[in-house]
Amino acid sequence: MNDNSRQVSFKESLTVFTILIFSLIVGVAILKIDLTVVLLISLFIVISFSMIKGYSLEYIKSGMANSITRTYDALLIFILIGANIGIWILSGTIPSLIYYGLNILSPNIFLPAGLLICSLTSLATGTSWGTISTVGIALLGIGQSLGIPVPLIAGMIVSGAFFGDKISPMSDTTNLAAASTNTNLYDHIGSMLYTTIPSYLLALIIYTILGLNYKTSYIDYTQVNLIQNTLSNTFNISLFTLIPIIIVIVLSIMKKPALISMSIGIIFGIFVAVFFQDASFKEALTVLNTGYTIPTNVDIVDKLIIRGGIQSMMSTFSLAFIALSLGGILDEVGYLKILVEKILLKVEKVGSLIAITILSCILSNTIMGEAYLSIILNGRLYESKYKSLGLQSRMLSRSLEEGSTLTTGLIPWTTAGAFISGTLGVSTLTYAPLAFFNILNPLISILFSYLGIFVLKSNKKIKTIG
């Protein structure tokens, strides 16, 4: 059979996606099997189904290879992220950032200050989970001592943690969204700022107003002092240690390729580790692979600094590799195309397209329980439609982040929702309505798109009202 002439039917496409959804629900939600294993099984199922329908293995493999090729930079960046985090901890860059961030805590502004601290931490590390399980736990204890409702504190922590997870060049979801839509990483981040900044400022104002009710409370600095003292005893805390992250930020603003800026960040991290932290050159090179592994014997600090390294990213790398392979088959064989034609047949307005994309991502999170797969599949699903409406690819990548990354922690049965609830000891359904940034950002994005604000079109500048 000539594979290129084969046209899958809507029924066949629906069958494949039904099998995928069933496999994910049963495997992840019911049997609690690791998502990577479930995805691998799903990949084999789709390959088998496609071969039964007449597609050759070589044709299927070509689809998988094309998907990997177009996202090759992102896969390399995953490795650099791990290396950066490891060396930035050894260099004192991340410890110093957290140390100085904790200095801005005040009873009068606990909620907005906590939001900023979580935001800075997640921006530096690129991980919402790491932020929540370290600085988030400390802030939760402090906030409780002030008499602030636990769900409100948790909502603030989640908002700050996912702010960085969304726009940090160190974040895996940020890189994945850019790669899935063939968008330059920094173009992707830049496009998100148009909707992220208004949403973040609005959330900051809300937390500030709510926090005024607790301005007369006394703050217990026991945990803060413990973290700061442990960090200062372990590292040479200095503004000079922030050089690596400042260099990467400057290069990002200059729109230098992510692979180059992150590599330079590693080089400066090694320099700072050797000359400011008295680490040996061999030790600095070792943490690139293994991450920082020296315990302080203070549990809350160890959770923050014993991390990073190339090996720490291998689970993310393998998950993304399999998911991208699966997405490549769905795209190459045509399962996605036929569904798009049915779903988006009458959609001709930008606002409707953005709204459908974000809602589709939320639905994918709800069904599949994982933002990675939601980003990849929806990126493939809507790519051609965005092009047909003359939209830049970063409009799609932005929508993927706002629909997938920001909402995954608000759904109880997703991996993120379960992690946050278990870590903070707060029910997902109680903190979710108070995670204002996560809620506001998708809504503002949809509103802006309907009003024509910050709609990025091909060969055109930003379109605004009027």
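Analyst: Let us begin with a definition: helices are DSSP runs of at least four residues, numbered from the N terminus. Please keep in mind that this is a predicted model.

User: Is Thr127 buried or exposed?

Analyst: The general idea is a cut-off: buried means under 20% relative accessible area. Thr127 has 17% relative accessibility, and therefore it counts as buried.

User: Which residues is Thr127 in contact with, leaving aside its neighbours within four places in sequence?

Analyst: Contact means heavy atoms within 4.5 Å. With those neighbours left aside, Thr127 touches Ser122, Asp165 and Arg307.

User: How should I read the span of a helix, for instance that of helix 20?

Analyst: One compares the distance from the first C-alpha to the last with the value expected at 1.5 Å a residue. Helix 20 (residues 393-405) has 13 residues and reaches 17 Å, close to the expected 18 Å.

User: How many residues of helix 20 are buried?

Analyst: Helix 20 is mostly covered, with 12 of its 13 residues buried. Among them are Met395, Leu396 and Leu400, as well as Arg394, Arg398, Glu401 and Glu402.

User: Which residues form a nonpolar patch on the surface?

Analyst: The nonpolar patch consists of Ile25, Ile30, Leu31, Ile33, Val37 and Ile41, which together have about 510 Å² of accessible area. Helix 1 (10-30) and helix 2 (35-52) are the elements that give two or more residues to this patch.

User: What does the radius of gyration say about the protein as a whole?

Analyst: One compares the radius with that of a compact globule. For 466 residues such a globule would have a radius of gyration near 23 Å, and the protein has 22 Å, so the two agree. Along its principal axes, the C-alpha trace spans about 70 × 50 × 50 Å. The protein has 23 helices and 2 strands, and 58% of its 466 residues count as buried.

User: What share of the accessible surface belongs to carbon and sulfur atoms?

Analyst: The accessible surface of the protein comes to about 18600 Å², and 66% of it belongs to those atoms.

Definitions and conventions
Residues are numbered from 1 along each chain as its sequence is written. This is a predicted model: local features need pLDDT of at least 70, side-chain atom pairs count only at pLDDT 80 or more; totals for chains, interfaces and linings use all residues. Side-chain values use heavy atoms; hydrogens and water are left out. The expected span of a helix is 1.5 Å times one less than its number of residues. Buried means under 20% relative accessible area, exposed over 50%, partly exposed in between (1.4 Å probe, protein chains only). Patches are made of residues with over 30% relative accessible area and no salt bridge: like charges are joined within 9 Å, nonpolar side chains (Val, Leu, Ile, Met, Phe, Trp, Tyr) within 5 Å. Accessible areas come from the Shrake-Rupley method with a 1.4 Å probe; for residues, only the protein chains shown count as cover. A salt bridge is a side-chain nitrogen of Lys or Arg within 4 Å of a carboxyl oxygen of Asp or Glu. The radius of gyration is taken over C-alpha atoms; the globule rule is 2.2 Å times the number of residues to the power 0.38.
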